[in-house]
Amino acid sequence: MIGHRVPDRDGAAVSTPITISVDGEPIEARVGQSLAAALIAAGTVAWRTTPRARRPRGAFCAMGVCFDCLVVVNGRHDVRACQHRVAAGDVVESSPWPDGRVSDGGDRG
Amino acid sequence: MVTSAHVWSIDSDGVHVMVGEADGEGRESRCYRAAAVVLATGAHDRVLPVPGWDLPGVYSAGGGQALAKGEGVAIGRRVVVAGTGPFLLPVASSLLDAGCAVAGVFEAGRAGHLMRRWTVRPWELLGQPAKVLELGRYGSTLARRRVRYATGCAVTAIHGGQRVEAVTVSRLDASWAPRPGVGETLDVDAVCLGFGFSPRVELALAAGCRLDDRHFVMVDAQQRTSVPSVFAAGEITGIGGVDLALCEGTIAGHVAAGGRGDDSVLRVERRRRKVLRAFASRLQGAHAIGPKWTDWLNDDTVVCRCEEVDVARLRSVVETSESLSLRSLMLQSRAGLGSCQARICGRTVEELLLRTIPSHRLVGEGSIDRRPIASPVRLGEIAQSRAFEVEG
Ligand SMILES: Cc1cc2nc3c(=O)[nH]c(=O)nc-3n(C[C@H](O)[C@H](O)[C@H](O)COP(=O)(O)OP(=O)(O)OC[C@H]3O[C@@H](n4cnc5c(N)ncnc54)[C@H](O)[C@@H]3O)c2cc1C
Ligand code: FES
């Protein structure tokens, strides 16, 4: 199941649940989690549209190298979702273009 | 100790750092002048392009590992892991732990080759029980969970509309050319690809350090680079795992702080470094990239993900341009000029250009690894920085 969260172990998935807003919808995330992980855990695999071919993109390297995962966080542009640690009340806009988000469309953990 | 500190440049003034949240705004700008600098900026996975590798659901092997092991998130229901190198095994193991089904681990190197390279100088392995056991443990986890592991195979195409839906797995010959035939289709919703690692050498280059022909920072026995007072440790000097990085870091730190590389307190580190390096070079030889991987590219396969430059575009620029300079060919095609500054595609762009140019030579200065800004800063931050100085 996509986004199924394994039980906490040696500091892996940090536990306190918080709510952030993604394109106006509430999403549950965990304190200390990266925004990319929170989005994937919520069943979203892509949250940006490329400017030329208008192809969907999400995270690729998950370590701040590829810049595929850019989002707008609290009004700030060009934030790497994999490098941003979520905080309660974060307001995320997935993409400056419409239809930027691709959901896994299935049941979620 | 300064945390949340992002070094964005090194120049004659010193080491320039932004302190604050990654990609933040209005961070504090500092400049450190230090008597010695130890660089340990690490490496990231190299991913070779495959048709469809720009679909959501495709991750670098390290990315899959970071999400699965680091954050406990399953990146898909059914995942394949492909590429080359022993790092594929821990990635698959972490995916299982995170709750993914692993549809297969496909190592491009062929079994005969791997065996020959792994077992050259077998006595060296005796010094390596921990490393060998670690790999053995991953191997047995995969076997117990009945995960398919195949050598001489690669994911040669990734299919899907808006995200990964399936992959084609092909058998490869010794040069990594896919064998004739259609290959096998597996339905998966995520893919992890890793073909070894690229060191993050932009700061080392900015400091003037010399690199070897594989783009790693050259160091002497004291971890000193070609620039006096600049030291390097860890994966930027060669890929060898966490234990080797720790030994090198200990030695570099000791010497940078005024000690000597042959001091007796470093006896253990020196010995371990030697053994671990021998192991690392064994792996390096066994998992070298085969030259014919380019056979699995199509004209419309994306090479540069940021600027969306495909194989055909790169070729047409070479064919219509008079230039043989890397810089100029990049400017004309836009390959490698996007926001990742060629961190993902640089090595590949260079390799594809070299192969397409009739003389197989690029001219002029310039390294694909040279990036004046090592980590993102906002223009406003530079403008506002009062650059208060800190003596180190
Ligand atoms: C997910 C994952 C799992 C791994 N699992 C294993 C394992 O099980 N066993 C094993 O032996 N090895 C493993 N490895 C490899 C191991 O982590 C490395 O060998 C080791 O960490 C290398 O150490 P390093 O200091 O060279 O680089 P790193 O540990 O990568 O450290 C580099 C650091 O430099 C920082 N940095 C880079 N540029 C800048 C800059 N401009 N400004 C400020 N900071 C910067 C980075 O943020 C990073 O913190 C794994 C690697 C990954 C990615
Ligand atoms: S996923 Fe590559 S920078 Fe965030």
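Reader: Let's start with one residue: where is the place of S34(A) in chain A?

Author: It's in a loop. S34(A) comes between strand β2 (25-30) and helix α1 (35-41) of chain A. Keep in mind that this is a predicted model.

Reader: Is S34(A) buried or exposed?

Author: You read that from relative accessibility: under 20% means buried. S34(A) has 1%, so it counts as buried.

Reader: What does S34(A) touch, leaving out residues up to four places away in sequence?

Author: In chain A, S34(A) touches A81(A), C82(A), H84(A), R85(A) and V86(A), and from the other chain E71(B). With E71(B) there's also a polar contact: the two side chains are joined at 2.7 Å.

Reader: Now over to chain B. How many helices and strands does it have?

Author: Chain B has twelve helices and 18 strands. Its radius of gyration is 22 Å, close to the 21 Å the globule rule gives for 392 residues, so chain B is as compact as a globular protein of that length. Its C-alpha atoms fill a box of roughly 65 × 55 × 45 Å along the principal axes.

Reader: What share of the residues in chain B is buried?

Author: Buried residues are 52% of the 392. Then look at the contacts with a separation of 6 or more: in chain B, 63% of them come from residues 24 or more positions apart.

Note on methods: Residues numbered from 1 in each chain as written. Chains lettered and ligands numbered in written order. Predicted model: local features only at pLDDT ≥ 70, side-chain atom pairs only at ≥ 80, totals over all residues. Heavy atoms only, no water. Helix = DSSP H or I, 4+ residues; strand = E, 2+ residues; numbered from the N terminus. Rg over C-alpha atoms; globule rule 2.2 N^0.38 Å. Buried < 20%, exposed > 50% of the residue type's maximum accessible area, 1.4 Å probe, protein only. Contact = heavy atoms within 4.5 Å. Polar contact = N/O pair within 3.5 Å; in protein donor to acceptor, adjacent residues only side chain to side chain.
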